[in-house]
Amino acid sequence: MSAPPLPPTLAGQIDVLMIDNFDSFTWNLYQQISLLGANVTVIRNDAIQPESFPQLKINSLIISPGPGHPQTDSGISKAAIDYFKGKVPILGVCMGLECLVDLHGGEIGYAGEIMHGKVSNIRHDNRGCFKGIPQGIKSIRYHSLSASHATLPPDLAITSISDSGVIMGVRHRKYTLEAVQYHPESILSEGGDDLIRNFLSLRGGLWEENPHSDVLDSILPPFPVEALSKEIASDASIAVKAPTILEKIYAQRKKDVALAQSTPGTTFADLETLYHLNVAPPLISFLHRIKQTESDSPALFAEIKRASPSKGPISLSTSPAAQALTYALAGAQTISVLTEPQWFKGSLQDMLHARLSVAHLPNRPAILRKEFILSRYQVLEARIWGADTILLIVSMLPEALLRDLYKYSLELGMEPLVEVNNAREMELALALPAKVIGVNNRNLHDFKVDMGTTSRLSDMIKGKDAILCALSGISSPEDIQRYSSDNVKAVLIGESLMRAEDPASFIRHLLSLPPHPDSSPLWQKARPLVKICGIRSKDEALAVAQAGADMLGLMFVKRSRNNIDMETAKEISAAIRTLRYSNASASPPPEVGNSPWFSAHASRLSVSGSRPLLVGVFQDAPLAEILHAVSYAQLDLVQLHGSEPIDLPHHIPVPVIRVFHVGKGSGADGITRAGVHQFVLLDSLRDDGSKLSGGSGETVDWNFARSVVDAGEIVRTAHSYSLPTQPAPSTNNGEQKEDAAVAATAVKAVSPKLPLPIILAGGLNPTNVAEAIKTVRPWAVDVASGVETEDRKGKDLNKVLAFVQAAKGTTVWAV
């Protein structure tokens with residue numbers, strides 16, 4: 001049966017249609033709306049049938065106040081809400097709110113107080129119809145019924161509340177559907193005109209069509225608990241509906257992003273320019289890195305978190321760079337860095353420093369920006385500052401925005417970690433389709449931890465092309481074992497790691513891994529390498545190689561007596577390469593592992609069977625000259641023995657040894673700088689005012705050199721070394737005397753098993769090299785004049801052989 005035609009008054013285009021629930025207040029509301037410039041058409045709640053709704057052409061709908069209960073006295077009001085939601089903006093007043101809640105499955109019951117013509121102060125969320133309205137406004141109330149906190153449907157959010165805890169406003173999370181319990185049309189209600197004006201500014205049926213309303217920028221339900229009286233705030237049944245910290249964080253981050261985007265130099269366009277200029281550090285695959293785990297253990301997301309809203313300060317003095325490197329060397333697949341400044345005490349600088357500290361590991365962890373991401377700006381910002389992945393929190397993002405941010409992150413090369421807390425959010429994450437889904441065991445609305453959350457949702461991901469991660473509250477091996485049985489492939493651990501005295505040992509304990517085997521670098525397990533410098537001919541090179549030298553130094557310094565020309569260098573190179581080829585092994589060397597920069601390079605060279613290597617020695621030579629020598633003479637390494645710019649090795653196609661000139665106030669500043677030169681060499685400073693070293697025959701202060709080795713590759717503080725003021729005195733046989741005044745004073749590094757591999761030079765000879773190695777414990781030793789003939793015109797092969805045997809016969813590490 002077709003619906004009867006509409007009466008003529010309803011046949012045309014209607015601006016505002018108001019359904020009157022037989023209440024005199026309807027006409028006060030009518031007058032208020034009309035005075036604000038809208039054309040209002042009023043019908044009683046029994047004037048037409050729901051079947052006629054499709055014939056109506058309206059811009060917006062208002063459900064008026066009225067007596068009674070929405071289930072018995074609201075006529076077509078609920079049917080109208082149901083039909084027009086998602087199509088046009090809808091506002092309910094008093095009975096209109098009760099209709100909205102009842103329609104969506106909530107309970108309407110006794111409010112606990114009878115309010116007829118009484119005034120209450122209300123607080124609200126400052127969004128939607130409440131946007132721009134002052135807090136604590138007075139409102140006039142005429143009702144004894146209200147919506148129940150306990151049964152409020154999940155699709156609805158509380159927008160305002162009285163000082164006695166009664167719900168004064170609700171809003172649909174998706175549709176432009178809002179309602180208030182009090183009477184905004186009353187002369188005693190403050191801000192009433194502003195509320196109606198905000199409603200009249202809405203267009204369409206979805207909040208995403210009305211970004212000016214700020215509704216989708218809230219963490220729903222966003223009403224702050226501190227807005228309530230102390231009595232109400234202490235009521236858990238109400239407080240659970242009112243997330244406090246999260247609302248503040250989101251609101252603050254929104255302001256922070258807006259400020260950054262409007263600041264010259266950090267606008268979105270500025271970030272795009274940086275991105276296209278390739279300023280952003282290189283990425284690694286987050287997804288691939290997660291799958292690289294030891295045995296059957298889940299991947300570890302180790303978190304850097306100075307504080308949290310739920311626990312307060314955790315470790316405020318932590319260095320993100322040192323902590324990140326500690327995590328990386330302990331085997332973490334991902335390092336999560338909190339970048340929110342106010343409540344978590346983090347920053348983008350923290351993330352950048354963490355990224356830089358692990359950048360030079362052979363297999364570095366992925367870097368996760370742990371943040372409240374709400375815009376494309378933050379995604380691009382994360383990429384520029386060094387993140388490999390970002391966190392997207394489903395509960396705080398409208399579906400359309402979630403999809404947009406996920407897509408944009410993929411466009412920038414980052415597979416996001418998508419965080420969920422319930423089945424509905426898991427369905428959204430799978431629909432993206434997210435490849436890495438983290439279940440947060442902490443409910444972001446009340447910050448309570450439920451360790452069963454991950455287990456309850458694990459079945460939803462079975463058979464899906466996605467990795468399941470457990471987030472928050474994990475502090476014991478039992479927690480991880482439980483999740484492993486639920487098909488969890490990764491776990492995020494923050495607070496317990498930040499509080500651990502020995503994070504590396506705690507990680508192995510958590511993952512139920514056996515005690516780590518000897519983790520000292522491979523170079524420590526090998527005999528010291530020997531470099532013979534100042535080779536002048538092919539025959540000399542072959543003889544020194546046969547004596548057991550690991551590196552041969554070819555001098556390209558014109559003022560050196562050992563300087564050679566390019567043709568001689570080429571002849572030496574051809575002979576040595578032929579020798580190496582005849583002795584080459586088909587077996588690959590041992591795997592070096594995830595060692596720090598210098599240890600990794602030293603270890604690779606120590607286990608390499610392709611020796612001796614040819615080292616071209618230069619002193620403040622032009623880059624073009626160095627590159628020509630490398631190409632023409634086929635050099636294996638370059639040694640920079642002058643005052644070359646620190647970043648010059650970036651332009652040299654072979655590994656670089658940088659010399660540090662030690663003595664008379666000069667030390668080892670910047671000696672542990674990773675990512676530029678691959679090896680470091682300590683040589684004694686010449687006494688000629690040149691600020692250079694080499695050729696003096698003087699020894700380096702061995703105690704100082706030992707302090708450099710012991711301080712390690714990873715040094716936390718300045719003034720780590722005992723700085724010599726003059727070369728240490730030598731005995732007749734060249735051995736240094738002990739000097740308590742210059743004993744090593746190395747600071748504690750991240751790990752005592754990560755000494756700095758150095759090449760020790762300066763005044764070494766066959767009689768003192770063994771003692772030097774025992775004292776300093778270097779990775780390699782370098783000699784030139786100490787093995788020359790008496791006339792200094794070539795190498796004394798007997799001295800060379802004695803030097804090599806003394807060096808390689810000395811055991812200083814656990815070999």
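**A residue in a loop, and a helix**

Ser 52 is buried, because its relative accessible area is 3%, where buried means under 20% relative accessible area, computed with a 1.4 Å probe on protein chains only. The model is predicted, so local features need pLDDT of at least 70 and side-chain atom pairs count only at pLDDT 80 or more, while totals for chains, interfaces and linings use all residues. Residues are numbered from 1 along each chain as its sequence is written, and side-chain values use heavy atoms, with hydrogens and water left out.

Ser 52 sits in the loop that runs between strand 2 (40-44) and strand 3 (57-63); helices (H or I, at least four residues) and strands (E, at least two) are DSSP runs, numbered from the N terminus. Leaving aside residues up to four places away in sequence, Ser 52 touches Ala 3, Pro 4 and Leu 6, a contact being heavy atoms within 4.5 Å.

In helix 2, which covers residues 25-35, the buried residues are Phe 25, Thr 26, Leu 29, Gln 32 and Ile 33. Viewed down the axis of helix 2, these buried residues fall within an arc of 125 degrees, so they line one face of the helix; the arc is that of the directions from the helix axis to the C-beta atoms. After helix 2 comes Gly 37, whose phi is positive, near 100 degrees.

Note on methods
Buried < 20%, exposed > 50% of the residue type's maximum accessible area, 1.4 Å probe, protein only.
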